[in-house]
Amino acid sequence: MTADQTKTSQEATGPAGPHGGSQAAARAVVVGILAAMAGLMFGLDTGVIAGALGFIGDEFHAAARTQEWIVSSMMAAAALGSLVAGRISFRLGRRRALLAASLLFVAGAGLCALAPSVAVLIVGRILLGLAVGIAAFAAPLYISEVSQESVRGAMVSFYQLMVTLGIFLAYVTDSLLSYGGHWRWMLGLMAGPAALFCAACLFLPDSPRWLMMRGERGRASQVMRLLRVSPADADAEIRDIAQELKREGGSGLAFFRSSPNFRRSVLLGVALQVMQQVTGINVLMYYAPKIFQAAHFGVSAATWATALIGLVNMAATGFAIAFIDRWGRRPLLILSCAIMTGAMVMAGGLAAVGGDSTPILGGMVAALLLFVAGFAIGAGPMVWTLCSEIQPLRGRDFGIACSTFTNWAANWLVSNVFLTVMAALGQSWTFWLFAIMNGLFIVITLAYVPETRGVSLEEIEARLMAGRKLRELGR
Ligand code: BGC
């Protein structure tokens, strides 16, 4: 909505009373927070396996290859889940997509906890993977569609904060339960928050943008009025959405085929997710305990040092939330990549010097903590936020499905080839390779990433479809 439209519409109906307005704003935030529980589930279920795997391996006498399957079946299913999520969320709505994910989370956690064999465990992990794929697709999309533009960045980043909280909590429960080797409890406990998330989904309204796409303008207006400070603001936003929907060109794949402008935003989303994964974040997330053990930490010290990584990840994401709508996406992303580049150069340098003296080991831990903090202030939250903002309404499900699928496919690829690359290049050059990727991310950000702070989704869409440069889609 443009400033002029806001003004005229407020003049027409007058500003909302202090209570109605603040209640609606609070309601929008609560709705965003409930949907962000999807992020918590994402984090819990991806994080929990790190600590459980060793015990599972022992109980089922599972070889390393089988253990890799237990881990990676979830990522492959998540990639698949993000693809079906596009269809579910387009046909049945974002809310029902989240509900479906929550049911899969409950079923998957239950099955994993009770699994009598590796095969059943893998089926459980596949259900969880489908759930994570659907949730990672639908939650940022839903949150960006219900949030007011002035807090949209913070709200989608809150989702990422919940991902990091989930990873951290999973590391902590793993550490606590590891003393008795209780892997079934580690995996089964996840059903509790999943059931809560399921209940939360029942209270969510449908996204007004999705309702408009279905031609249900009356219901869309009702929901929008519940979530906006004044009825006039809500009505103006609905008019903007209606305007964008009048454009020609079909939806989804047909739209992708017919519109070169839409192809550009899809490509940008895909590129952002590839770059997010080649920063090297998940090498750290999945292999941190191994890296610490290689640095002569004891087993339990390594688990707690990993929990520290999770804590820093979470705290720095909090920093991003505070500044994303003040400083904007581009400055934070550039700062983030610069920090990650520096940290990887440092880690590579320390690995090249080698040895296990205290300064070298301490320096390595510091470099890894710096790296994760760098990721969390930018590449983590900004990528999910930007991907949810840049796609035009009619192609949003398709565009975000493409970028979310890419996230999981790249995640799977990087974590699978990491050990091979490390064996071929050695540790230093592997770190330096990640440093180069992070440097490249700065160049891509400078050249193509728009500043979407405070700009409505409809304005972004109008500029995209008018053929403006990607960098200029925002302000
Ligand atoms: C990434 C995940 C990563 C997580 C770590 C997310 O933004 O997509 O791959 O594990 O951040 O916090």
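A cavity is a set of grid points where a 1.4 Å probe fits but cannot get out, while a pocket is an open set. With that in hand, turn to the structure, which is a predicted model. The structure holds three cavities of 30 Å³ or more.

## Spaces at a glance

| Space | Volume | Lining by class |
|---|---|---|
| Largest pocket | about 1200 Å³ | 24 nonpolar, 22 polar, three charged |
| Second largest pocket | about 310 Å³ | six nonpolar, three polar, four charged |
| Largest cavity | about 60 Å³ | six nonpolar, one polar, one charged |

## The largest pocket

Start with the largest pocket, with its volume of about 1200 Å³. Its lining counts 49 residues, and those closest to the centre are Ile49, Ala50, Leu53, Tyr286 and Tyr287. Which helix gives the largest share? Helix H2 does, with nine residues. By class, the lining has 24 nonpolar and 22 polar residues, and three are charged.

## The second largest pocket

The second largest pocket has about 310 Å³ of volume. Here 13 residues form the lining. Closest to the centre are Gly86, Arg87, Gly252, Leu253 and Phe398. At least two lining residues come from each of H3, H12 (252-258) and H19. Helix H3 supplies the largest share, five residues. Four of the lining residues are charged, three are polar and six are nonpolar.

## The largest cavity

The largest cavity has a volume of about 60 Å³. Which residues line the largest cavity? The list is Thr46, Ile49, Val71, Met74, Met75, Arg125, Tyr286 and Trp408. Helices H2 and H3 are the elements that give two or more residues to this lining. The largest share, three residues, comes from H3. Six of the lining residues are nonpolar, one is polar and one is charged.

Two names here deserve a second look. Ile49 and Tyr286 line the largest cavity. Ile49 and Tyr286 are also among the residues closest to the centre of the largest pocket.

Ala76 and Ile126 are 50 residues apart in sequence, yet their C-alpha atoms are 8.0 Å apart in space.

The loop between H2 and H3 contains His61. His61 is not a glycine, but it has a positive phi of about 50°. His61 has a relative accessible area of 73%, so it is exposed.

Leu425, Trp429, Leu433 and Ile436 make a nonpolar surface patch of about 400 Å². Where does the largest share of the nonpolar patch come from? Three residues come from helix H20, which covers residues 427-448. Ile436 is found in helix H20. This residue, Ile436, is exposed because its relative accessible area is 52%, and exposed means over 50%.

Note on methods:
Residues are numbered from 1 along each chain as its sequence is written. This is a predicted model: local features need pLDDT of at least 70, side-chain atom pairs count only at pLDDT 80 or more; totals for chains, interfaces and linings use all residues. Side-chain values use heavy atoms; hydrogens and water are left out. On a 1 Å grid over the protein atoms alone, a cavity is a set of points where a 1.4 Å probe fits but cannot get out, and a pocket is an open set with protein on both sides within 12 Å along at least five of seven lines; lining residues have an atom within 4 Å of a point. Grid points are joined across faces, edges and corners, and a volume is the space filled by probe spheres set on the points. Helices (H or I, at least four residues) and strands (E, at least two) are DSSP runs, numbered from the N terminus. Ala, Val, Leu, Ile, Met, Phe, Trp, Tyr, Cys and Pro count as nonpolar, Asp, Glu, Lys and Arg as charged, and the others, Gly among them, as polar. Patches are made of residues with over 30% relative accessible area and no salt bridge: like charges are joined within 9 Å, nonpolar side chains (Val, Leu, Ile, Met, Phe, Trp, Tyr) within 5 Å. Accessible areas come from the Shrake-Rupley method with a 1.4 Å probe; for residues, only the protein chains shown count as cover. A salt bridge is a side-chain nitrogen of Lys or Arg within 4 Å of a carboxyl oxygen of Asp or Glu. Buried means under 20% relative accessible area, exposed over 50%, partly exposed in between (1.4 Å probe, protein chains only).
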